[in-house]
Amino acid sequence: MFENYKVYETTLAGRPLKLETGKMAQLANGAVLATYGETQVLCTVTASAKPREGVDFFPLSVDYEEKMYSVGRIPGSFTRREGKASDKAVLASRCIDRPIRPLFPKDMRNDCTVVATVMSVDPDCSPEVAAAIGVSTAIAISDIPWAGPISSVDVGLVDGEIVINPTLEQRAVSTLDLTVSSTADLVAMIEAGGEEIPDDLMFDAIMAGHEANKEVVAFINSIVAEIGKPKFEFESNDPDPAIMEEIENFCIEDVKKALDTDDKLVRDAALLPIYNAVHEKFDERFEGKEAKLDEIMYLVQKHVVRAWLKDEKKRVDGRGIDDIRPLNAQVDLLARVHGSGMFTRGQTQVLSVATLASVSEAQKLDGLDEEKEKRYIHHYNFPSYSVGETKPSRGPGRREIGHGALAERALVPVIPSVDEFPYAIRVVSEVLSSNGSTSQASICGSTLALMAAGVPIKAPVAGISCGLITGDDGVYGDFMTMVDIQGLEDFYGDMDFKVAGTKKGITAIQMDLKVHGLTPAIIKEAFAKTNKARNYILDEIMLPVISEPRAELSKYAPKMLSTQINPEKIGDVIGKQGKVIQSIQEQCECTINIEEDGRVYIAAIDIDKAKQALMIVETIANDPEIGAIYSGKVTRIMNFGAFVEIAPGKEGLVHISKLDVKRVEKVEDVVAVGDQVIVKVTEIDDQGRLNLSRRDALVEVNGAVVEEGADEEPARKQGDRRRGGFRNKKRD
């Protein structure tokens with residue numbers, strides 16, 4: 001039945017890697033079941049027989065699908081089925097898309113769909129790695145034109161040693177989370193997060209990943225040699241050379257004049273009449289090919305920008321090759337938020353806003369890995385007005401999710417631990433204006449916002465991008481890099497190499513390419529230029545505005561206190577049906593969260609209210625001590641004294657002789673039910689009952705002086721006698 005079934009096996013990082021074809025999804029152009037350890041991902045690729053009409057790009061879609069059955073769980077949604085892709089699935093899709101896209105013919109317009117379905121997960125063997133290798137193999141053996149294969153591996157840094165595809169245990173202690181995709185010769189994609197990794201160590205890790213990929217690429221090539229299909233012919237979408245030449249001759253000088261400005265609005269306005277003139281002159285002559293005219297105009301502009309950079313070392317806005325656009329940093333732009341910072345680079349401007357909340361507001365995750373929540377959340381928004389366009393907002397797309405994740409990854413290494421700073425933290429980066437490198441501006445703006453909010457980050461982080469122009473013979477010929485690329489240089493160039501980090505080292509990398517890959521020399525040069533640039537941004541722009549995190553939080557931010565109690569006392573603090581903890585929260589206007597290990601987090605806008613709640617929790621969880629002073633509520637009044645509850649379930653008697661620093665005739669003359677009073681524990685009897693003294697507390701706390709005769713008791717009526725009522729109340 002499966003006469004074309006083939007199995008190919010090798011090892012990767014000491015674990016078995018198996019690629020199967022011919023059994024599943026046989027109607028796809030290419031299909032591979034990739035098995036790495038016990039992780040299994042079905043990878044398929046299909047292409048349409050005819051090109052899509054009216055598009056000027058290669059219509060490729062890549063979907064990484066997480067199936068909860070792969071980890072033996074039922075989805076937590078109401079419908080109990082997988083729905084919208086998680087952010088992690090979107091990021092995995094992008095990591096597969098970025099290295100494979102440049103290897104397809106640029107002039108092909110046939111729809112192509114790649115799907116990687118995760119069916120089984122072995123925690124020690126990354127499903128993202130299996131998916132990337134499986135997708136590469138599926139495309140390589142298919143009949144779809146492609147210049148692959150590629151391979152991808154994860155790289156960790158454990159105890160100072162570089163590790164390929166670290167296990168779950170190794171990932172937990174690794175200071176580096178790096179993904180490297182490569183062809184046989186070139187590095188095609190880098191995605192990294194690290195704990196301030198030095199440039200040279202990051203370079204060594206990338207090269208180690210590249211070497212591991214070379215072996216897998218050779219393995220895939222051996223499979224292609226045996227079962228690879230002949231590639232199909234497709235209708236090229238390249239414009240007619242004669243039309244291209246005629247239009248270029250007609251408008252190139254005008255295009256040069258229009259592009260020669262540092263103002264995007266001026267440039268766009270100057271280009272508009274040129275487009276109109278081209279259509280007016282050529283639409284009738286090239287009837288049926290009008291759509292090609294805009295594509296030719298794109299190619300003319302690309303030729304001008306690249307020629308200026310490569311041949312004349314001239315940038316569109318007049319900067320030197322390694323010059324950064326004008327920069328500006330500000331904090332405290334918004335009155336009532338917890339922290340805000342705005343970073344402007346040329347015509348790129350991003351406003352970042354930090355919000356602090358109780359740790360209970362950390363984001364809950366329902367994914368395939370071991371991470372169940374994240375305490376630091378970064379969101380990035382890119383509205384249409386930021387590029388002068390008009391379209392409705394439909395929520396974040398893959399690009400927005402990817403850029404937010406990059407900024408999050410860049411800042412996570414400097415976020416204080418929950419023990420140091422017991423808050424959940426969310427930063428939102430609003431792109432107000434975009435002319436390139438908004439993701440890096442969001443990193444700078446978010447550092448400002450966090451410090452303004454009083455988050456004690458370990459070190460400030462800055463981000464910068466590096467561009468690339470290669471010669472006509474590709475990356476092996478002459479190349480040049482330029483720092484801080486703006487929109488046109490990103491659009492018409494070959495690379496957007498984003499690097500974020502502190503002065504100590506790199507915290508995040510994301511690399512987008514339009515060529516097949518990078519040589520080690522290009523990567524080294526990009527590291528050198530981005531290192532110098534980000535240190536300049538930190539020293540000269542950001543730190544003069546705010547040199548360190550503020551010592552105090554905004555008056556609008558919740559004040560957080562924490563304590564550790566015996567886990568066996570958690571039930572006492574919560575109370576039956578949550579009545580005790582609800583009472584404390586209502587009384588102290590606070591939010592209380594208790595972890596299973598006994599950690600308690602208390603959040604309140606008023607720090608005094610938070611301290612009051614903390615005292616109550618600790619009083620409940622810890623047995624009262626003689627000499628301790630508490631604030632309690634009067635619950636009952638007797639002739640002989642008042643009962644005061646110092647914590648839910650813990651009540652003691654203040655004898656009338658201990659109510660005040662002066663002689664008291666009637667209890668009601670001093671206190672009433674519901675009054676909040678300070679008391680001192682003077683005695684705990686063998687049954688755990690409490691004797692309290694308001695007088696001793698007033699003397700100790702307020703410096704009150706005891707009047708003569710204060711100890712004398714009032715005359716008692718016949719039959720009035722004290723009842724031994726001071727005790728620990730029976731808990732609800």
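I100 makes contact (heavy atoms within 4.5 Å) with L60, V62, V114, V135, I139, W146 and I150, once its neighbours within four places in sequence are set aside. Keep in mind that this is a predicted model, where local features need pLDDT of at least 70, side-chain atom pairs count only at pLDDT 80 or more, and totals for chains, interfaces and linings use all residues. Residues are numbered from 1 along each chain as its sequence is written, and side-chain values use heavy atoms, leaving out hydrogens and water.

**Nonpolar cores**

- A nonpolar core is a set of buried Ala, Val, Leu, Ile, Met, Phe, Trp, Tyr and Cys residues joined through side-chain atoms within 4.5 Å.
- Buried means under 20% relative accessible area, exposed over 50%, and partly exposed in between (1.4 Å probe, protein chains only).
- The largest core has 78 residues, and I100, F104, I206, F497, I523 and F527 touch the most other members.
- A second, separate core has 48 residues, including L327, V331, A441 and Y601.

**Aromatic pairs**

- Rings of Phe, Tyr and Trp (its six-membered ring) pair if their centres lie within 6.5 Å; planes under 30 degrees apart count as stacked, over 60 as edge-to-face and the rest as tilted.
- A search of the whole structure finds nine aromatic pairs.
- One of them joins F250 and F282 edge-to-face, at 5.6 Å centre to centre with 85° between the planes.
- This pair links distant parts of the chain, 32 residues apart: F250 belongs to helix 5 (residues 241-259) and F282 to helix 6 (residues 264-282).
- Helices (H or I, at least four residues) and strands (E, at least two) are DSSP runs, numbered from the N terminus.
- F250 has 35% relative accessibility, so it counts as partly exposed, whereas F282, at 0%, counts as buried.
- The rings of F497 and F527 are also edge-to-face, because their centres are 5.7 Å apart and their planes stand at 90°.

**Charges over rings**

- A charge sits over a ring if NZ of Lys or CZ of Arg is within 6 Å of the ring centre and within 35 degrees of the ring normal.
- K314 lies over the face of W308, 4.2 Å from the ring centre.
- R636 places its charged end over the ring of F643, 4.0 Å from the centre.

**A buried aspartate**

- D494 is in the loop between helix 10 (487-492) and strand 20.
- With a relative accessible area of 7%, D494 is buried.
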